[in-house]
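Please look at the sequence and the model shown below.

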Amino acid sequence: MARAPRKIHLAQFLVHGPTYHSHAMWRHPKTREAGFDWRRPELYEHIARTCERGKFDMVFFADLNYISDSFRGTLAPALKYGSQAPEHDPMPLLAWLGAVTKRVGLASTFSVSNQHPFYAARMWGTIDHLTSGRAGWNVVSSINHNQAANYGTEREPTDRRYERAHEYYQVCRQLWDSWDEDALVMDPEAPMFADANKVRRIDFEGEFFRSRGPLNVTPSPQNGPVILQAGTSPRGRDFAAQYAEGIFAIQPQREEAKKYRDDIRELVAKFGRDPDDCKLLFGAQVVIGSSEQEAQEKMAEHNELVEPEAGMTILSAHLDFDLSQLPPDSIMEEHEHPALQRMKTRYRTDDGRPLTVAEVAQRHGQSVSLPQFAGTPESVTDQLLDFVDHAGGDGFMLSPIYSPGAIGEFVDLVVPELQKRGRFRKRYSGTTLREHLRG
Ligand SMILES: Cc1cc2nc3c(=O)[nH]c(=O)nc-3n(C[C@H](O)[C@H](O)[C@H](O)COP(=O)(O)O)c2cc1C
């Protein structure tokens, strides 16, 4: 009997702010015509409902806690170009979206660098309750000196960041497990609200954190949120392989994407887990037209709207390195500064041509180096499936070139095509984010 075609998973990338990956998005005529205010919840409500109509696994909010001065040592370019700044806090928005949607997963980044893990465990437990088990936490450890300075600390080296992240996660995990599933009795006659034999202190004493516990939040539908991860360093991959149920990856070269996927699956297995329990979603920026030519024109028009300096600004922020120090025409991968090594797979085209500093920055301004897929709904579907079938992986994290219109176009035009080919769900079979990812 022929095997059913493998279904993919879809997440929508968002920021509670004007700029996602595209630095042209907030200025794009179609964003402006749509007339939404990125500071108001109505925009996100509209997007979450659209994604739920499209049966997406989740909407996901990235999060940064700073306005970058990494480029030229001043805030001016980040403010001028709205370069992933400002960013409002996504956590209250998750609760809001939980109230206006029923099935779509609701995920966000929350950094382990700044708050005590008790706070994180309590907040994520609460959000998982409020969303009936649809919460997802992208666990990041922040690399930018501006974020550290905002919290009165200093940026830490990678190894140290991840040692702290491991411990942070352990504290949260133990706090979520500090209540047995049946500890909440709520028997008014006895009376017995909660059974003290089934709720424990954790008495955690680590290198970075101490916490007594128990958590004062009852076990949530998913017993804590689904854990997501997006670190690319070897330490980041290790962290993901141990704990993550979903990984977001930016891999513009498909051969590198394949290597990354194979490496992650091997690592997940090394930690005694089933690689299929950790879904790998590749970032993709999709441009849809009614003809190939229209799609190419739309992509060119969008890409031209990205100011070269906006690209330099956001790439400097993500590397936390001032790119104004480098000649724009020099080959990016030839520079040996340690800060420039973290995104090396983004320094070449898909066919392996090394890019200049200016070219990498331009691509970063267009899409933060997400590969772009342009075409008719049918050809975009072909391209996406070709990528994911070649590289492996489990689906895509989509990022629009204008908002919210491009999200609606994907849902109305590409999702039906994926469904027609048996490659995407037609209805939700579960209710929690974990069930969506496993379904
Ligand atoms: C798709 C994607 C989304 C990310 N979202 C965030 C984010 O919202 N906030 C953040 O501080 N870092 C974010 N990152 C950065 C990484 O998670 C990680 O912190 C960074 O790459 C440094 O870790 P590393 O040294 O392991 O690469 C994101 C990375 C990727 C690939």
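How many residues of the shell around the ligand are nonpolar, how many polar and how many charged? The shell has 8 nonpolar, 10 polar and 3 charged residues. In this count Ala, Val, Leu, Ile, Met, Phe, Trp, Tyr, Cys and Pro are nonpolar, Asp, Glu, Lys and Arg are charged, and the others, Gly among them, are polar. The structure is a predicted model, in which local features need pLDDT of at least 70 and side-chain atom pairs count only at pLDDT 80 or more, while totals for chains, interfaces and linings use all residues. Residues are numbered from 1 along each chain as its sequence is written.

In total, 21 residues surround the ligand; a residue is near a molecule or strand if its C-beta atom, placed from the backbone, lies within 6 Å of it. The closest are Ala62, Thr109, Gly231, Ser233 and Gly236. Strand 3 (105–111), helix 8 (234–243) and strand 10 (246–249) each contribute at least two residues to this shell. Helices (H or I, at least four residues) and strands (E, at least two) are DSSP runs, numbered from the N terminus.

Consider next the protein as a whole. The protein contains 15 helices and 13 strands. Its C-alpha atoms fill a box of roughly 70 × 55 × 45 Å, taken along the principal axes. For 439 residues, a compact globule would have a radius of gyration near 22 Å, and the 22 Å of the protein agrees with this. The radius is taken over C-alpha atoms, and the globule rule is 2.2 Å times the number of residues to the power 0.38. Of the 439 residues, 48% count as buried. A residue is buried if 20 or more other C-beta atoms lie within 10 Å of its own, exposed if 12 or fewer, and partly exposed in between, with C-beta atoms placed from the backbone. Among contacts with a separation of 6 or more, 77% join residues 24 or more positions apart; two residues are in contact if their C-beta atoms, placed from the backbone, lie within 7 Å.

In helix 8, the buried residues are Gly236, Arg237, Phe239, Ala240 and Ala241. They are covered by elements including helix 7 (158–176), strand 9 (226–229), strand 10 and helix 9 (254–270). Helix 10 (residues 292–304) has 13 residues and reaches 18 Å from its first C-alpha to its last, close to the 18 Å expected at 1.5 Å a residue. That expected span is 1.5 Å times one less than the number of residues.

Which residues of helix 10 are buried? They are Ala295, Met299 and His302. Seen down the axis of helix 10, these buried residues fall within an arc of 65°, so they line one face of the helix; the arc is that of the directions from the helix axis to the C-beta atoms. An α-helix has 3.6 residues a turn, so residues three or four places apart point the same way. The buried residues of helix 10 pack against strand 11 (279–288) and strand 12 (372–375). On the face turned away from the buried side, helix 10 carries the exposed residues Gln293, Ala300 and Glu304.

A cis peptide bond, with omega of about -5°, joins Ala85 and Pro86, and Pro86 lies in the loop between helix 3 (76–81) and helix 4 (91–100). Another cis peptide bond joins Ser403 and Pro404, with omega of about 5°; Pro404 is in the loop between strand 13 (395–399) and helix 14 (405–420).

Asp203, although not a glycine, has a positive phi of about 45°. Is Asp203 buried or exposed? Asp203 counts as exposed because it has 10 C-beta neighbours inside 10 Å. Val368, also not a glycine, has a positive phi of about 50°, and lies in the loop between helix 12 (357–367) and strand 12. With 26 C-beta neighbours inside 10 Å, Val368 counts as buried.

Finally, Trp38 is in the loop between helix 1 (29–34) and helix 2 (41–53). Trp38 is partly exposed because 19 other C-beta atoms lie within 10 Å. Not counting residues up to four places away in sequence, Trp38 touches Gly17, Pro18 and Leu43.
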